[in-house]
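The sequence and the three-dimensional structure come first, and the description follows.

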Amino acid sequence: TNGVFDLLHIGHITYMAKASELGDKLVIGLNSDISVKRIKGEDRPVNDQNSRAALLAALFFVDAIVVFEEDTPLNLITALLPDILVKGADYSIENIVGGKEVIANGGEVKTINFVEGYYSTSIIQKIRKQITWPVNKNEDTRYPLQLDGRYYLHYTRGALSQKAIAW
């Protein structure tokens, strides 16, 4: 299977655990940072590819992670030609990238249902909505500031601005 796996959540864990039960080895194709920016926008990924790969590698049912730079994993899939290609059930089998190549090589393409309500994008949006502005700006405080679609943690001491850190 493949994906961004930006904020690892129960939906990802459940999906990958089920995928691992379908074969002998679970290889994850991980979108590179550059690929994620092209697909999801400049403010993504939240976690860089090395952090995302390390978290995935820590899961006992994951056997390998391969980072790919393209927008789709087609080159990776055609190089590996897995016996079983797995994607989320939000895809129809005939529209899964690399599916035709896997089937032509005698393999199978399967889909797995997601755990409803768990999506990295919606979790990121929820976190951003829950950030609150300070009530009294005369005290030492940190608060979010959005400029050009990016969020900054802005630190103030009384009325004097100290620094802003992008995230």
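Helices (H or I, at least four residues) and strands (E, at least two) are DSSP runs, numbered from the N terminus. The model is a predicted one, in which local features need pLDDT of at least 70 and side-chain atom pairs count only at pLDDT 80 or more, while totals for chains, interfaces and linings use all residues. Residues are numbered from 1 along each chain as its sequence is written, and side-chain values use heavy atoms, with hydrogens and water left out.

**Overall architecture**

The chain has 6 helices and 8 strands. Along the sequence they follow the pattern β-α-β-α-α-β-α-β-α-β-α-β-β-β. Contact here means heavy atoms within 4.5 Å. Of the contacts in the chain with a separation of 6 or more, 54% are between residues 24 or more positions apart.

A residue is called buried under 20% relative accessible area, exposed over 50%, and partly exposed in between (1.4 Å probe, protein chains only). The chain has 167 residues, and 34% of them are buried. Its accessible surface comes to about 10200 Å², of which carbon and sulfur atoms hold 52%. Such areas come from the Shrake-Rupley method with a 1.4 Å probe; for residues, only the protein chains shown count as cover.

**The buried side of helix α1**

Helix α1 spans residues 10-20, and its buried residues are Gly11, His12, Tyr15, Met16, Ala19 and Ser20. These residues lie on the same side of α1, because they cover an arc of only 155 degrees around the axis. The arc is that of the directions from the helix axis to the C-beta atoms. An α-helix has 3.6 residues a turn, so residues three or four places apart point the same way. The packing partners of the buried residues of α1 are β2 (27-31), α3 (49-57), β4 (84-88), β5 (108-112) and α6 (120-130).

**Aromatic pairs**

Rings of Phe, Tyr and Trp (its six-membered ring) pair if their centres lie within 6.5 Å; planes under 30 degrees apart count as stacked, over 60 as edge-to-face and the rest as tilted. By this rule there are 2 aromatic pairs. Tyr15 and Phe114 form a tilted pair, as their ring centres are 5.7 Å apart and their planes stand at 45 degrees. This pair links distant parts of the chain, since Tyr15 belongs to helix α1 and Phe114 to the loop between β5 and α6, 99 residues apart. Phe60 and Phe61 form an edge-to-face pair, with ring centres 5.1 Å apart and planes at 70 degrees. The table gives the accessibility of the residues concerned.

| Residue | Relative accessibility and class |
|---|---|
| Tyr15 | 4%, buried |
| Phe114 | 33%, partly exposed |
| Phe60 | 79%, exposed |
| Phe61 | 11%, buried |

**Backbone features**

Most residues other than glycine have a negative phi, and most peptide bonds are trans. Which residues does a cis peptide bond join? The bond is between Arg44 and Pro45, with omega about 0 degrees. Pro45 lies in the loop between α2 (33-40) and α3.

Phe5, although not a glycine, has a positive phi of about 50 degrees. Phe5 is placed in the loop between β1 (2-3) and α1, and with a relative accessible area of 7% it is buried. Leu81, also a residue other than glycine, has a positive phi near 40 degrees. Leu81 is found in the loop between α4 (74-80) and β4, and its relative accessibility of 29% makes it partly exposed.
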